[in-house]
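Subject: Structure handover

Hello,

Here is the structure you were waiting for. My notes on what was found in it follow below.

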Amino acid sequence: MKRLARLFSVLTLLVFAAGVAVMLYDRSAPVAVPEMAPLTSQIDHILIEKSARRMTVFRAGDALKTYRVALGFTPSGDKVQEGDGRTPEGVFSLNRRNPQSAYHLSLGIDYPQTDDVTRARNAGVSPGGDIFIHGQPNGLGRIGALPYDWTAGCIAVSDADIEELWRVAPNGTPVEIRP
């Protein structure tokens, strides 16, 4: 009886391990996506649509390229306070660059703005800050982009995508973040 129980336990463990391996393999399996031509000149507007997990860059009103994004770990709704895991909504602009980022490269967004600070102060909380468009955690970018919302409120793209944006998005570029 003990031998049968042990055999059952081993088989159950093997089935469980095989299931986990299949799920992890499926998550990291490369998806064949046709390459788009790289952007070669400056953009003048970035639109992030949170519900679609999509960022589109524009020049003179023309959509040039669209990127898949990951958001804060609690993406629904506007950012209210530090630590809420939400990505802010509104119109911002790029105001700084960090080539030494823990997330490959990062482009800073001028959040919080005056109304965010006032709303947070009235609620007795910190509005948070340090919102960036950035790449993947250093050391993980070679495997691709993490396939879920994982940031603390930032907008994450693949390392290749942030490198492209770094080249074409100057400080001062408007960033519109919609629900």
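Which residue forms a salt bridge with Lys79? Asp84 does, and the closest N and O atoms of the pair are 2.9 Å apart. A salt bridge here is a side-chain nitrogen of Lys or Arg within 4 Å of a carboxyl oxygen of Asp or Glu. Asp84 and Lys79 are both buried, where buried means under 20% relative accessible area, exposed over 50%, and partly exposed in between (1.4 Å probe, protein chains only).

Before the rest, two notes on the source. This is a predicted model, in which local features need pLDDT of at least 70 and side-chain atom pairs count only at pLDDT 80 or more, while totals for chains, interfaces and linings use all residues. Residues are numbered from 1 along each chain as its sequence is written, and side-chain values use heavy atoms, with hydrogens and water left out.

Overall layout

The protein has three helices and eight strands, in the order α-β-β-β-β-β-α-β-β-α-β from the N terminus. Helices (H or I, at least four residues) and strands (E, at least two) are DSSP runs, numbered from the N terminus. Of the 179 residues, 37% are buried.

Strand 1

Strand 1 covers residues 45-49, and four of its five residues are buried. Strand 1 pairs with strand 2 (residues 54-59) in the antiparallel sense over five bridges; two strands pair if DSSP finds at least two bridges between them. Ile46 stands opposite Val57 in strand 2. The hairpin of these two strands has four residues between them, and Arg53 takes a positive phi near 50° there. Strand 1 also runs parallel to strand 8 (residues 174-178), joined by four bridges, and Ile48 has Ile177 as its bridge partner in strand 8.

Nonpolar core

The largest nonpolar core has 25 residues, and those with the most contacts inside it are Ile46, Met55, Ile109, Ile133 and Ile155. Such a core is a set of buried Ala, Val, Leu, Ile, Met, Phe, Trp, Tyr and Cys residues joined through side-chain atoms within 4.5 Å. Helix 3 gives the largest share of this core, three residues. In soluble globular proteins, nonpolar side chains tend to be buried together.

Leaving aside neighbours within four places in sequence, Ile155 is in contact (heavy atoms within 4.5 Å) with residues including Ile48, Ile109, Ile131, His134 and Ile177. Ile131 lies in the loop between helix 2 (114-123) and strand 6 and counts as buried because its relative accessible area is 2%. The C-alpha atoms of Ile131 and Cys154 are separated by 5.0 Å, although the two are 23 residues apart along the chain. His134, in strand 6 (residues 132-134), is buried because its relative accessibility is 4%.

Other salt bridges

The whole structure holds nine salt bridges. One of them joins Glu164 and Lys65, with the closest N and O atoms 2.8 Å apart. Glu164 is in helix 3 and Lys65 in strand 3 (residues 62-68), 99 residues apart. Glu164 is buried at 4% relative accessibility, and Lys65 is buried at 10%.

Arg96 forms a salt bridge with Asp130, the closest N and O atoms being 3.5 Å apart. Arg96 counts as partly exposed at 25% relative accessibility, whereas Asp130 is exposed, at 56% relative accessible area. Asp78, Asp116 and Arg119 are linked in a network of salt bridges.

Regards
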